[in-house]
Amino acid sequence: MGLFTRRKTVLVDSDILIIGGGMGGCGATYESRYWGRDLKIVCVEKANIERSGAVAQGLYAINCYMGMQWNENRPEDHVRYARNDLMGLVREDLGYDIARHVDSTVHKFEEWGLPIMRDPKTGRYQREGKWQIMIHGESYKPIVAEAARKAATEVYNRIMVTHLLMDKTKPNRVAGAVGFSVRNGNFYVFRAKAVIVAAGGASHIFKPRAVGEGMGRTWYAPWSSASAYALPIQVGATMTQMENRIVLTRFKDGYGPVGAYFLHLKTYTQNAYGQDYEAFWYDSIKKMVGDYVDRHPVPTCLRNHALLEEVKAGRGPIRMVTKEAFQDPHKETVGWENFLGMTIGQAVVWASQNIDPKEINPELTTSEPYVMGSHATCSGAWASGPEDCAPSEYQWGYNRMMTVAGLFGAGDAIGGSAHKFSSGSFTEGRIAGKAAVKYVNDLGKDQPQVSEAEYEDLKRIVYKPLENYEIGRNEIVAGTVSPSYILPIHGLQRLEKIMDEYVGGISANYTTNEPLLSRGIELLGMLKEDLAHLGAEDLHQLQRAWELEHRVLASESVTQHTLFRAETRWPGYYYRADHPKLDDEDWHCFTLSRYDRKSGKWEMEKAPVYHLID
Ligand SMILES: Cc1cc2nc3c(=O)[nH]c(=O)nc-3n(C[C@H](O)[C@H](O)[C@H](O)COP(=O)(O)OP(=O)(O)OC[C@H]3O[C@@H](n4cnc5c(N)ncnc54)[C@H](O)[C@@H]3O)c2cc1C
C-alpha cells in the first residue's frame with residue numbers, strides 16, 4: 001500500500017460520463033440530456049466549466065456557420081473547403097455531418113444570450129469571412145456552460161481525469177474513468193455505461209517560442225494537455241492523422257488572431273522591403289505539392305510555407321500592413337476590439353513595444369506546432385461515422401464512437417474532421433451525446449462492470465508522484481535537483497526539447513527525417529522510463545505530473561505517425577526532408593495507429609480517403 005492511497009475514494013455512478021467541459025463537452029452534456037431525459041449525465045472537468053477550455057477568455061468570431069437560412073453556404077461547400085485546406089485528406093462524412101447541423105447550434109447560442117453582430121443593411125449575421133460570423137464573445141463560454149450545467153445531473157469541477165476504466169466482463173469496452181480532485185486530493189472513480197472524451201487538444205509538446213518567464217504565452221491554451229489523445233491511446237483506441245500538427249501565423253509575441261484583420265479589415269502582408277512575397281514562392285511550391293497551390297483559398301499550410309521561406313531567404317520580418325486600414329476609425333476600433341474579445345495580451349504587448357498599428361505595421365511570426373482536431377488540422381481518434389452517409393469502412397457502431405466500445409469523442413478529440421472550431425465542436429458533442437444515449441439504451445442487461453482491483457491499482461499509480469517526492473525530498477543536492485525524482489517542469493522541458501529538435505519544431509525549421517524521428521522515439525522511450533520517478537510536492541504538481549504523462553504519450557503518437565507518413569504533405573506545418581514532396585500516389589490516405597500498452601508497441605496502417613462530395 002502506498003503512502004497516499006489512504007486518500008478518500010469517491011464513487012460516482014452515471015449512464016454517460018463526459019470528460020472535459022469545453023465546447024465539445026458542453027455540447028455532449030446538453031444533447032445527452034435532450035435524448036436521455038431520465039439518464040444520469042455527469043460532466044467532469046479539471047478546471048471549472050464556467051471558464052475552461054480554449055474558448056475560456058472569449059472569442060470574437062464563430063468560425064463555422066453555414067448561413068443556410070439565407071442560402072449563404074451549403075454543407076457540401078464546407079466539406080470542399082476543409083478538404084482543400086487539408087491538402088485533400090478529410091473524413092468527408094464527419095465534416096458533412098457537422099456542417100449540416102452547425103447552424104442550429106449557433107441559433108441556440110443566440111437564444112441563450114450570445115450577442116451576434118448583425119449587418120445593418122441585410123439584417124443577417126455580420127460575416128467576417130465566408131464561414132465566420134462576428135460576435136461579442138467575452139461571455140461565450142459562460143453562456144454555453146450555463147446550458148450544460150442545467151442539463152447535467154452533476155458537474156464535477158477541478159477533477160483531473162488520468163485514466164479510463166475498462167469493462168471486466170468484455171474486452172475492448174469502456175466502463176468509466178478515474179481521476180483526482182486538484183483541490184482536496186480525493187480519488188474519484190466514475191463508473192459509466194458510455195464515456196465521451198472532449199478534453200481539448202495539446203499545447204506544450206513542442207518547445208514554445210516563449211520560454212522562461214514567458215513560457216505560458218503560447219497561441220494554444222497552455223492547459224490543453226493532450227488528455228483527449230492519451231486517454232483513448234492508453235486503452236488501445238485507433239488514432240488518425242496525428243502527424244498533422246498545426247503551426248499558426250500570428251502577431252508576434254502575443255499570438256493575437258489575424259483572421260479579422262485579413263478578412264474584415266482587408267489588411268495584407270509584406271516582407272521587410274515592402275514586397276508582396278507570396279508570388280515569389282509559387283513555382284517552388286508547385287514543384288512540391290502540384291495543383292494544390294492553385295486551389296482557392298490557398299491552403300493554410302502553404303501560406304505558412306511562403307512566409308517561412310521568405311524569412312529563411314533573409315527578407316524578414318514579415319509584417320501585416322495595418323497602417324492603411326487603421327486610418328478608418330471604424331476599422332481601427334474593430335482591430336482593437338478584436339483583441340479585447342479574446343487575446344487582450346496582444347494589445348498589451350503592442351503597448352509595451354511602442355507599436356501603434358496606425359503608425360507601424362506589426363510583425364507576424366509562426367508558432368510552435370500544436371496537436372488539435374478542430375482547427376485547420378485534424379489529429380485525433382478514428383471514429384465511426386454517421387449511419388446515413390459514412391462509407392461502410394468508416395462505420396462499426398454508433399456515430400462518433402471510437403474503436404473501443406462505448407467510448408465516444410468530440411471536438412479536438414476526434415480526428416479527420418478539421419475546421420469545426422467552437423460551434424462545430426459543440427455540434428460534434430451534440431452528435432456524440434445523441435449516439436451515446438442510443439448506445440446506453442441498447443445495452444439492456446449487458447452492462448459494463450468496473451473491477452475494484454483495477455481502480456485500486458490505478459489509485460496507487462495516480463498518487464505515486466506524491467510518494468516519490470515525500471520519500472526523496474531530503475536528498476536534494478542543489479536547489480530543486482534531486483537524485484531520486486524529476487519534477488514535472490523538468491520532464492516537460494525535456495519533452496519539448498526532444499520534440500523540437502527531432503520531430504520538426506521551431507529550432508529545426510519544422511524539418512525532420514527518418515533518422516531524426518527514430519532517435520526521437522528512442523529518447524521519448526527513455527523519458528517514459530523516467531516518468532516513473534516523477535515527484536510532485538503538492539496537488540498542483542500532481543496535476544502537472546499527469547498532464548506531462550498525457551503529453552508524452554500523445555507526443556510518441558505524433559512521432560510514430562510522422563515517421564510512418566513518408567512524404568511532405570503539409571509544407572508549412574512540417575517537412576520530411578528525406579521525402580520533400582507531396583506524394584498522392586502512395587499517401588492520399590489516412591494514417592492509423594494503435595498502441596498496445598502491455599508491449600509499448602505501435603501498429604501503423606493506412607486507411608482509404610473516400611471523396612463523397614464532388
Ligand atoms: C487560440 C485559439 C483561438 C481560437 N479562436 C477561435 C475563433 O475565433 N472562433 C472559433 O469558432 N473557434 C476558435 N477556436 C477553436 C475552438 O476554441 C476549439 O475548436 C474548441 O474549443 C474545441 O473544443 P473542445 O471541447 O475539443 O476543447 P476545449 O474547448 O478546449 O475543451 C476541453 C476541456 O477539457 C478539459 N480537460 C482537459 N484535460 C482534462 C482532463 N484530463 N480531465 C478533465 N478535464 C480535462 C479542459 O479544461 C477544457 O475545459 C480557437 C482555439 C484557440 C486555441
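## Nonpolar cores

A nonpolar core is a set of buried Ala, Val, Leu, Ile, Met, Phe, Trp, Tyr and Cys residues joined through side-chain atoms within 4.5 Å; buried means under 20% relative accessible area, exposed over 50%, and partly exposed in between (1.4 Å probe, protein chains only). The structure is a predicted model, in which local features need pLDDT of at least 70 and side-chain atom pairs count only at pLDDT 80 or more, while totals for chains, interfaces and linings use all residues. Residues are numbered from 1 along each chain as its sequence is written, and side-chain values use heavy atoms, with hydrogens and water left out.

The largest nonpolar core has 61 residues. Those with the most contacts inside this core are Leu-17, Ile-19, Leu-164, Phe-190, Val-195, Tyr-229 and Leu-407. Helix 15 supplies the largest share, six residues. (Helices, H or I of at least four residues, and strands, E of at least two, are DSSP runs numbered from the N terminus.) A second, separate core has 60 residues, among them Tyr-220, Ala-221, Met-320 and Ala-347. In soluble globular proteins, nonpolar side chains tend to be buried together.

An open sheet is formed by four strands in the order 14-9-18-19, with antiparallel pairing; two strands pair if DSSP finds at least two bridges between them. Strand 14 (380–381) and strand 19 (601–608) are the edges, each pairing on one side only. Strand 9 (residues 239–240) is joined to strand 14 by two bridges, and Met-239 has Ala-381 as its bridge partner in strand 14.

Helix 15 (residues 539–564) packs on this sheet and touches strand 9, strand 18 (589–596) and strand 19; contact means heavy atoms within 4.5 Å. The direction of helix 15 makes about 55° with that of strand 19. Axes are lines fitted to C-alpha atoms, for helices over the stretch in contact, and angles run from 0 to 180 degrees between N-to-C directions.

## Backbone exceptions

Most residues other than glycine have a negative phi, and most peptide bonds are trans. The bond from His-296 to Pro-297 is cis, with omega near -5°; Pro-297 sits in the loop between helix 7 (282–289) and helix 8 (300–312). Gly-316 and Pro-317 are also joined by a cis peptide bond, with omega about 0°, and Pro-317 is in the loop between helix 8 and strand 12 (319–321).

His-419 has a positive phi, near 60°. This residue lies in the loop between strand 15 (407–409) and helix 11 (421–443), and His-419 is buried at 3% relative accessibility. Asn-509 has a positive phi of about 50° and is placed in the loop between helix 13 (488–502) and strand 16 (511–512). Asn-509 is partly exposed, at 33% relative accessible area.
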